[in-house]
Number of protein chains: 2
Amino acid sequence: MKRIALLVFAAATAACVTVSMPFTAGGADDEGSPVYGVKIPAGFREWSLINVAHEAADLNDFRVVLGNAVAMKAFQDGTLPFPDGTFIARLAWKYVPSEENNAVFGRAQSFVTGAPTNLEFMVKDSKKYAASGGWGFGQFTNGKPDDEALHKTCFPCHQPAIRHDLVFTRYAPSP
Amino acid sequence: MKRIALLVFAAATAACVTVSMPFTAGGADDEGSPVYGVKIPAGFREWSLINVAHEAADLNDFRVVLGNAVAMKAFQDGTLPFPDGTFIARLAWKYVPSEENNAVFGRAQSFVTGAPTNLEFMVKDSKKYAASGGWGFGQFTNGKPDDEALHKTCFPCHQPAIRHDLVFTRYAPSP
């Protein structure tokens, strides 16, 4: 039972590291995400870098977390809870070896992004999303929102990050 | 001899994936990088994401490549050579396991950024840097430019990317 719970939890966590979007219009997903009605925010790819991670095992991905200007100020100032208007995006790609880079380095050591996998968002709106800690969530695959069952796991799975306002990612200080 | 050349090449490539900065003022490095006079551009952390990679072995880092607006347009349009005013930044951090994330996933699978290592830039100015393919390069550790010997390796080490205007990184399409 515990093992099953962990697996469900892990799958959901893999899915929902992040979003929603009540403020601006955006992508091709007219309805937005189930449960939260989050849409893909226009211009998210121009947001700033918060951090990057690699999940091995089944996920085997690179994941980059970006934030809009409200998010970046909150991360840099250490503001908790995050203010309304915070948007956080999580972009993911398969983790693949780079033959081209390995040739340059002279040995097999380089891993780069392969095919895109999915896209996630968290958006803070403390009134609209009062029932989920103030956050709306959305996960999109090929520009379309994933299903309701997945979105029901987002809020519970973010509970381990409760002391950081449900956000797993920390800001990576610049070198 | 070939092995030594490869090692030198690998070390230099590790160092110089990227920059310089004749256009805007910035960090604490008043002189800029040796050979090129590249300085840390103000606001580079707000630039947009181009791609991410992991180098294993001795480097054992995460490296994120960001670009200014000129760079992003060129990457997205596939413009070659890159136009004057292109700035590319490479930020790197040690690659470390995350006990916190592993607890959430229920197994050891998560790797995140550790201590920052160094910061690199490439800037395109086809007149100023005519002798190095139009690119100026700079690498900075703790906000200070690294030494001249290192900077002399940047241009030769980028030669394998000659067909992509000396830029190794490609644009990662959004999920």
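The model is predicted. Over all chains, the structure holds 20 aromatic pairs.

**A stacked pair in chain A**

- A pair of aromatic rings is described by the distance of the centres and the angle of the planes.
- Tyr95(A) and Phe111(A) have ring centres 4.8 Å apart. Their planes meet at 5°, and planes under 30 degrees apart count as stacked, so this pair is stacked.
- The pair links distant parts of the chain, 16 residues apart. Tyr95(A) sits in strand β3 (residues 87-97) of chain A, and Phe111(A) sits in strand β4 (residues 110-124) of chain A.
- Tyr95(A) has a relative accessible area of 12%, so it is buried, since the cut-off is under 20%.
- Phe111(A) is partly exposed, with a relative accessible area of 23%.

**A tilted pair in chain B**

- Phe62(B) and Tyr95(B) have ring centres 4.9 Å apart, with their planes at 50°. The pair is therefore tilted.
- Phe62(B) belongs to strand β2 (residues 61-67) of chain B, and Tyr95(B) belongs to strand β3 (residues 87-97) of chain B. The pair therefore ties together parts that are 33 residues apart in sequence.
- Phe62(B) and Tyr95(B) are both buried.

**An aromatic cluster in chain A**

- One aromatic cluster is formed by Phe44(A), Trp47(A), Phe87(A), Phe121(A) and Phe140(A).

**Cis peptide bonds**

- Most residues other than glycine have a negative phi, and most peptide bonds are trans.
- In chain A, the peptide bond from Leu80(A) to Pro81(A) is cis, with omega near -5°. Pro81(A) lies in the loop between α2 (69-77) and β3 of chain A.
- In chain B, the peptide bond from Leu80(B) to Pro81(B) is cis, with omega near -5°. Pro81(B) lies in the loop between α2 (69-77) and β3 of chain B.

**Positive phi in chain B**

- Ala57(B) is not a glycine, yet it has a positive phi of about 60°. Its place is the loop between β1 (48-55) and β2 of chain B. Ala57(B) counts as partly exposed, at 38% relative accessibility.
- Asn142(B) is not a glycine either, and its phi is positive at about 55°. Asn142(B) is in the loop between β5 (135-141) and β6 (144-145) of chain B. At 72% relative accessibility, Asn142(B) is exposed, because the cut-off for exposed is over 50%.

Note on methods:
Residues numbered from 1 in each chain as written. Chains lettered and ligands numbered in written order. Predicted model: local features only at pLDDT ≥ 70, side-chain atom pairs only at ≥ 80, totals over all residues. Heavy atoms only, no water. Phe/Tyr/Trp six-rings, centres within 6.5 Å; stacked < 30°, edge-to-face > 60°. Helix = DSSP H or I, 4+ residues; strand = E, 2+ residues; numbered from the N terminus. Buried < 20%, exposed > 50% of the residue type's maximum accessible area, 1.4 Å probe, protein only.
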